[in-house]
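Biologist: I would like to go through this chain with you. Please keep it to what can be computed from the atoms.

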Amino acid sequence: MKNSLHLIKILLLSLFALGTVCSCKTTMPEIPNDLTAAQLIQRGQDALANGKYKIADSYYIATIDRYGSDLKCYVEARYELAHSFYKQKRYDEAKTMFNEIVSIFDSPEAIYQVQPKYKKLAQIQLDKIAAIEAKKEAKAKK
């Protein structure tokens, strides 16, 4: 009797531990096909605000996949994805995307299709990354 109670306790504790581990795993959402670019980006921003980077990234990538032929949507989603990478300290990837956004504004049609704030925001983020890299480099020289 005592052994079976002990076995039941161990079994219950094991099930509890397994449930805890499984519940911590981030499940990727099913992204509905009927969402607009604005809705996808908003869901990505909500996920990012809650620290759910992979989910946020999946919404931004879905925006690019579905609406990327529209330069306005592409730049906005690309900026948000780069910002997410920045928050994840994936600076090389973020820097590549921010540089791409800045370079998009070299084309005349961008001026009419994309809000100029994205060029300025991307440049601000690039400056922050440069400062982080400079600080790391200075530390490495010590």
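Biologist: How many helices and how many strands does the secondary structure of the chain come to?

Modeller: Bear in mind that this is a predicted model. Read along the sequence, the pattern is α-α-α-α-α-α-α. The count is therefore seven helices and zero strands.

Biologist: What share of the residues of the chain count as buried?

Modeller: The accessible surface comes to about 9,800 Å², and 59% of that belongs to carbon and sulfur atoms. To count as buried, a residue must have under 20% relative accessible area. Of the 142 residues, the share that does is 32%.

Biologist: What does helix H3 reach from its first C-alpha to its last?

Modeller: H3 covers residues 53–67, which is 15 residues. At 1.5 Å a residue, 21 Å is expected. The model comes close to that, with a reach of 21 Å.

Biologist: Which helices are included in what covers the buried residues of H3?

Modeller: The buried residues of H3 include Ile55, Ala56, Tyr59 and Ala62. Asp57, Tyr60, Thr63 and Ile64 are also buried, and these four are among the H3 residues that meet H4. The cover includes helix H2 (37–49) and helix H4 (71–87).

Biologist: Are H3 and H4 roughly parallel or roughly antiparallel to each other?

Modeller: Their axes are 9 Å apart and the packing angle is about 160°. The crossing is left-handed. Angles over 145 degrees count as roughly antiparallel. H3 and H4 are therefore roughly antiparallel.

Methods:
Residues numbered from 1 in each chain as written. Predicted model: local features only at pLDDT ≥ 70, side-chain atom pairs only at ≥ 80, totals over all residues. Heavy atoms only, no water. Helix = DSSP H or I, 4+ residues; strand = E, 2+ residues; numbered from the N terminus. Expected span 1.5 Å × (residues − 1). Buried < 20%, exposed > 50% of the residue type's maximum accessible area, 1.4 Å probe, protein only. Contact = heavy atoms within 4.5 Å. Areas by Shrake-Rupley, 256 points an atom, 1.4 Å probe, with all protein chains shown as cover. Axes fitted to C-alpha atoms, helices over the stretch in contact; angles between N-to-C directions. Parallel < 35°, antiparallel > 145°, perpendicular 65-115°, else oblique. Left-handed = near helix turned anticlockwise from the far one by under 90°.
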